[in-house]
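Morning, everyone. Let me put the model up and walk you through a few places in it.

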Amino acid sequence: MPAGSDPHPRLADIEEARARVARFALRTPLVPSALTRAGGPDILLKLEILQPTGSFKIRGASNAILALSEERRARGVVCCSTGNHGRAVAHVARSLGIPAVVCLSSLVPGGKVEGVRAAGADIRRIGSSQDEAQAEAERLAGAEGLTLIPPFDHPDVIAGQGTIALELLEERPDLAAVVVPLSGGGLIAGIALAAKAIRPGIRIVGVSMERGAAMAASLRAGRPVEVAEEASLADSLGGGIGLANRWTFRLCRDLVDEVVLLTEDEIYAGMRTMFFEERLIAEGASAVGHAALLGGRFRPAGPTALVLSGRNVDMRQFAAIAAGDPIRNVGGPSPQTSGSTLGSGRNG
Ligand SMILES: *Cc1c(COP(=O)(O)O)cnc(C)c1O
């Protein structure tokens, strides 16, 4: 079978995932955004920041772990993570009484490492990139007989994240667009699969940071490519998509309508808007939808939902941003240029 032709999840798989995910994840509220303008389309916020473990990752992690046989569960699970997936895997594993090992690179912020530790996982700090953490997770899976729970490129993970779209369209069947933070693409692939199956004309917009946007670079190249991983305010969006990517690259190529890339300054502004206008605390990855709207990089043509994906931000960093202070520990001065808006991979 040629690479990339593995069957991907269908709407029925995502509907099935819903029952499993409900054991661990909330049905999160969809609330009006302060960015809704008089006479303009409704802008709505899907509050995945309220999930136990602080991010939507609990959906994919719980679906994937609950799909394992009793025997494989008993042997334990392993994953690599930029922080939130590891915390979700650790939380689910502990609840089910199974061992979990989480591999984290040195780029993962201390607060996120503590979150994973507090959720009860055995932590391995390894390497200086998500790709190195990934290699160690794969090695451990082979050497110790643990089951690998990938952070995005896995049908059960994608199906779990897709349950967000079922909730969105039940509440607002008239949605014109969903704006989704994009890294490895499990979140956007799941949402796009379910949303387009239910409402074919809906627009799915991915937002990443300019620094190390592996999926955007891969869509441009027409195949999975590597990019250098750099520190970013949107730390949860770091890491590659894997040169041997099996599902999310193809799904993003086929289903994502538009990818917007943001500068660090824009993400910073998005986080301030999150605080001062929405009065919410969320991590940089959650603020990319706000940043895209504020910067005019995405113009809503109808009711639009922004997925606020996680809240696991370092509170000292968030307080500094709210105060308008410069942030130095995320890779120096921000890139000089305004970002670019890419078409989907199809149009180059
Ligand atoms: C993982 C994560 C994302 C990106 O999800 P992908 O499936 O890798 O695209 C976005 N926001 C937060 C908070 C995350 O933890």
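One definition before we start: contact here means heavy atoms within 4.5 Å. Keep in mind too that this is a predicted model.

With that in hand, take helix H10, residues 248–255. Six of its eight residues are buried, so the rest of the structure largely encloses this helix. The buried ones are Thr248, Phe249, Arg250, Leu251, Cys252 and Leu255. What covers them? The cover includes H7, helix H8 (186–198), strand S8 (203–209) and helix H9 (214–221).

Next, H7 itself. It spans residues 155–171, and glutamine 161 lies in it. Is glutamine 161 buried or exposed? The cut-off for buried is under 20% relative accessible area. Glutamine 161 has 1% relative accessibility, so it counts as buried. Leave out residues up to four places away in sequence, and glutamine 161 touches Phe56, Lys57, Arg59, Gly60, Pro151, Gly186, Leu187 and Ile191.

Now the ligand. Which residues come nearest to it? There are 17 residues around the ligand, and the nearest are Lys57, Asn84, Gly185, Leu187 and Ser309. Lys57 and Leu187 were also on the contact list of glutamine 161. Then look at the backbone. A polar backbone atom of serine 183 sits 2.9 Å from a ligand oxygen. Glycine 184 has a backbone N or O atom 2.9 Å from an oxygen atom of the ligand. For glycine 186, a backbone N or O atom is likewise 2.9 Å from a ligand oxygen. How much of the ligand does the protein bury? On its own, the ligand exposes 380 Å², and the protein buries 98% of that.

On to helix H6, residues 130–144. It has 15 residues. From first C-alpha to last it reaches 21 Å, close to the 21 Å expected at 1.5 Å a residue. Its buried residues are Gln130, Ala133, Glu136, Ala137, Leu140 and Ala141. After the helix comes glycine 145, with a positive phi near 70°.

Last stop: positive phi in residues other than glycine. I have two to show. Threonine 53 has phi near 75°. It is found in the loop between strand S2 (43–47) and helix H2 (57–66). Threonine 53 is at 10% relative accessibility, so it counts as buried. Arginine 279 has phi near 60°. Its place is in the loop between helix H11 (264–276) and helix H12 (288–294). Is arginine 279 buried or exposed? Exposed takes over 50% relative accessible area. Arginine 279 has 71%, so it is exposed.

To recap. H10 is largely enclosed, with six of eight residues buried. Threonine 53 is buried, while arginine 279 is exposed. That's it from me. Over to you.

Conventions. Residues numbered from 1 in each chain as written. Predicted model: local features only at pLDDT ≥ 70, side-chain atom pairs only at ≥ 80, totals over all residues. Heavy atoms only, no water. Helix = DSSP H or I, 4+ residues; strand = E, 2+ residues; numbered from the N terminus. Expected span 1.5 Å × (residues − 1). Buried < 20%, exposed > 50% of the residue type's maximum accessible area, 1.4 Å probe, protein only. Near = heavy atom within 4 Å. Polar contact = N/O pair within 3.5 Å; in protein donor to acceptor, adjacent residues only side chain to side chain. Areas by Shrake-Rupley, 256 points an atom, 1.4 Å probe, with all protein chains shown as cover.
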